[in-house]
Amino acid sequence: MKQTFMNKWIAAAALLLCQSPASAHDMHRPTAESGCTGVALSCATKVTPAFGPDGKLWIAMLAGGKVAVAASTDGGRNFTKPVAVTDQKLDMDWGPDARPKIVIDKHGDLIVAFSTFRDKAFNGEVFTTRSTDGGQTFTPIRPITSNNVSQRFEALALDTDGTVFAAWLDKRNRAPAKKKGEAYDGAGLFFATSRNGVAYSQAQLVHNNTCECCRLGVAFAGHGRPVVIFRNIFEGGVRDHAITTFSDPDTPGPIHRVSNDDWKISACPHQGPSLSIAPTGTYHATWYTNGKNRQGLFYARSLDGGATFSKPVPIGDPAHNPSRAFVLATARGTYLAWKEFDGEKTTVRMMQSSDDGETWSEPKTVAETADSSDHPLLVSFGRAVFLSWMTKKDGYRFQPVGQGT
Amino acid sequence: MKQHLTRDLLALMAVLFAGVAMAEATIEIKPFERGSWQAILQAHAGRPTLVHFWGVTCGPCKVELPELGQFAKSHPGVDVVMIDADLVPNTPAAVRAMVSQAGLASAENWAFGDTFTERLRYEVDPKWQGDIPRSVLIGKDGSVRTIEGSAASADLEKWAQGQGAGRH
């Protein structure tokens with residue numbers, strides 16, 4: 001009897017203690033995570049644009065905890081109702097440099113990739129899917145690799161023959177190295193290719209010990225020659241940028257240092273680089289650093305296929321915290337967009353070059369908002385260049401910013 | 001009898017587990033909003049203060065937090081202020097669990113409470129782009145020194161001694 005009473009008391013106490021008190025001091029949750037639950041563009045926190053071969057604008061968005069796509073045939077003024085790529089309940093990767101990716105092949109089929117958190121330790125998993133019916137339905141999502149450790153920060157690029165090149169950061173080599181008693185910082189840069197954007201080849205390593213929390217930049221230097229720029233971890237924990245140009249779709253080239261900034265930091269910068277390759281073959285790169293040698297946003301170009309880069313040129317007003325630069329090279333000009341913040345509002349600033357990055361126009365403000373915002377992205381179709389920028393307060397902006405010269 | 005003992009042991013473990021959960025649930029996490037930084041500076045003016053920005057998803061923070069817990073325990077003369085500035089939204093439960101396990105439950109705990117994080121960071125340091133961990137050492141005289149990335153224990157000790165608040 002006594003024992004029964006004891007057990008009841010213990011059970012009651014356990015139940016009572018397990019109940020959390022009213023969370024009067026809970027911090028506010030971001031709108032997109034708590035309040036704005038719809039799969040709607042107005043709820044999106046990340047939006048990635050891509051043009052189809054027919055000039056239709058597609059966007060992949062992270063909204064209401066889902067990845068969804070929508071299309072516009074009037075230059076981004078109106079969009080179709082977003083279609084979620086999967087109904088599965090997933091914990092999306094909310095990292096500042098994470099975003100859904102979308103490329104459109106020559107048939108107009110949509111190829112989408114995105115990353116999720118697979119567990120409470122924030123290990124990631126990258127999924128891919130494809131739509132062959134104009135974004136109405138999607139194939140069941142598939143992991144980009146069968147390895148179940150951690151993948152994040154995928155990047156997609158489409159080769160001229162329709163092959164999809166994917167690169168991502170992968171932590172599969174950490175545990176084996178540590179088991180052998182070897183130090184292993186960061187993650188590994190891995191890649192795979194796909195003929196259809198759904199099933200990918202076996203993942204292959206490009207380089208170990210990259211920074212694990214920054215987006216990658218991917219472009220093609222020609223058919224079968226993908227180029228990846230990434231924040232590397234150099235000797236002594238220095239998180240500067242590196243680049244590799246593949247000699248063929250399966251063979252990464254040597255790793256070259258983009259800039260010797262000497263940013264030694266045992267932390268995650270959460271701010272990766274951007275890369276675009278002009279039809280002339282010039283590599284255009286931008287990045288952020290807070291190194292000993294330089295601090296802020298920088299641009300440099302390479303005229304020798306990424307082997308060496310020009311002296312870094314600072315971007316933006318250092319008093320206004322320039323960040324999140326994006327570069328786009330077209331046949332008509334090279335464009336740079338980035339964010340600045342003056343303590344009250346965020347502006348997107350832009351400048352352009354008509355001589356392949358040798359000289360640049362004066363920066364000008366092209367958009368602003370007074371609340372949180374996504375990274376500014378640039379996309380082109382034909383001669384026209386557009387800014388894509390999701391803002392919390394002012395919605396999605398898709399605006400022409402250049403016609404070339 | 002053996003069965004009863006096992007059952008009682010399990011029940012006791014449930015109570016202990018629930019007790020830890022209860023203790024964690026009572027940790028106050030203040031929302032760090034516009035003006036909070038100035039409020040913190042004013043509240044700790046004249047006292048050596050270690051402000052540490054961290055996040056649940058930040059790998060180096062997982063290593064550093066228990067070290068800061070030890071530092072707080074052995075340096076009662078230093079005010080320790082913890083601010084969760086993660087770039088990925090953290091659940092309150094995860095924040096509480098981490099500070100509790102690191103021995104920082106009794107420290108002053110805050111978490112970013114506004115999605116306009118650029119503005120929050122700008123108030124702390126206009127040049128800060130969000131990288132964590134990050135420590136700000138504020139001296140008795142108001143002097144400010146920022147340490148990017150994980151702070152070395154020896155470095156913190158040296159600063160604390162300079163403030164007349166070394167290890168006890």
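A residue is called buried if 20 or more other C-beta atoms lie within 10 Å of its own, exposed if 12 or fewer do, and partly exposed in between, with C-beta atoms placed from the backbone. Helices (H or I, at least four residues) and strands (E, at least two) are DSSP runs, numbered from the N terminus.

## Model and numbering

This is a predicted model, in which local features need pLDDT of at least 70, side-chain atom pairs count only at pLDDT 80 or more, and totals for chains, interfaces and linings use all residues. Residues are numbered from 1 along each chain as its sequence is written, while chains are lettered from A and ligands numbered from 1 in the order in which they are written.

S17 belongs to an open sheet of 4 strands in chain A, ordered S17-S18-S19-S20 with antiparallel pairing; two strands pair if DSSP finds at least two bridges between them. Strands S17 (274-277) and S20 (313-315) of chain A are at the edges with a single partner strand each, so one side of each has no neighbour in the sheet. On average, neighbouring strands of this sheet are turned by 30° against each other, direction ignored. For such angles, axes are lines fitted to C-alpha atoms, for helices over the stretch in contact, and angles run from 0 to 180 degrees between N-to-C directions.

S17(A) and S18(A) are joined by 4 bridges in the antiparallel sense, and A:Ser276 stands opposite A:His284 in S18(A). Their hairpin has 5 residues between the strands, and A:Gly281 in this hairpin takes a positive phi near 95°. S18 (residues 283-290) also pairs with S19 (residues 295-302) of chain A, antiparallel and over 8 bridges. Here A:His284 has A:Arg301 in S19(A) as its bridge partner.

## Sheet S5 to S8 of chain A

A further open sheet of chain A has 4 strands in the order S5-S6-S7-S8, paired antiparallel. Its edges are S5 (101-104) and S8 (142-143) of chain A, each with a single partner strand, so one side of each is left without a neighbour in the sheet. S5(A) and S6 (residues 110-117) of chain A run antiparallel and are joined by 4 bridges; A:Lys101 has A:Ala113 in S6(A) as its bridge partner.

Chain A has 2 helices and 27 strands. Its radius of gyration is 22 Å, close to the 22 Å of the globule rule for 405 residues, so chain A is as compact as a globular protein of that length. The radius is taken over C-alpha atoms, and the rule is 2.2 Å times the number of residues to the power 0.38. The C-alpha trace of chain A spans about 90 × 55 × 45 Å along its principal axes, and 49% of its 405 residues count as buried. Among contacts in chain A (C-beta atoms, placed from the backbone, within 7 Å) between residues at least 6 apart in sequence, 48% join residues at least 24 apart.

A nonpolar core is a set of buried Ala, Val, Leu, Ile, Met, Phe, Trp, Tyr and Cys residues joined through C-beta atoms within 7 Å. The largest has 142 residues, and A:Val69 and A:Val112 are among those with the most contacts inside it. Strand S2 (residues 57-63) of chain A gives the most to this core, with 7 residues. Beyond neighbours within four places in sequence, the contacts of A:Val69 include A:Trp58, A:Ile59, A:Leu110 and A:Val112.

## Backbone exceptions

Most residues other than glycine have a negative phi, and most peptide bonds are trans. A:Asn209, a residue other than glycine, has a positive phi near 65°. A:Asn209 lies in strand S12 (residues 204-210) of chain A and counts as buried, with 20 C-beta neighbours inside 10 Å. A:Asp356 has a positive phi near 60°. A:Asp356 is in the loop between S23 (346-353) and S24 (364-369) of chain A and counts as partly exposed, with 17 C-beta neighbours inside 10 Å.

In chain B, the peptide bond from B:Ile132 to B:Pro133 is cis, with omega near 5°. B:Pro133 is in the loop between helix H5 (117-124) and strand S5 (134-138) of chain B.

## Helices of chain B

In helix H4 (residues 92-101) of chain B, B:Val95, B:Arg96, B:Met98, B:Val99 and B:Ser100 are buried. Just after H4(B), B:Gly103 takes a positive phi of about 75°.

B:Glu157 lies in helix H6 (residues 153-162) of chain B and counts as partly exposed, with 15 C-beta neighbours inside 10 Å. Not counting residues up to four places away in sequence, B:Glu157 touches B:Gly166 and B:Arg167.

How values were computed:
Two residues are in contact if their C-beta atoms, placed from the backbone, lie within 7 Å.
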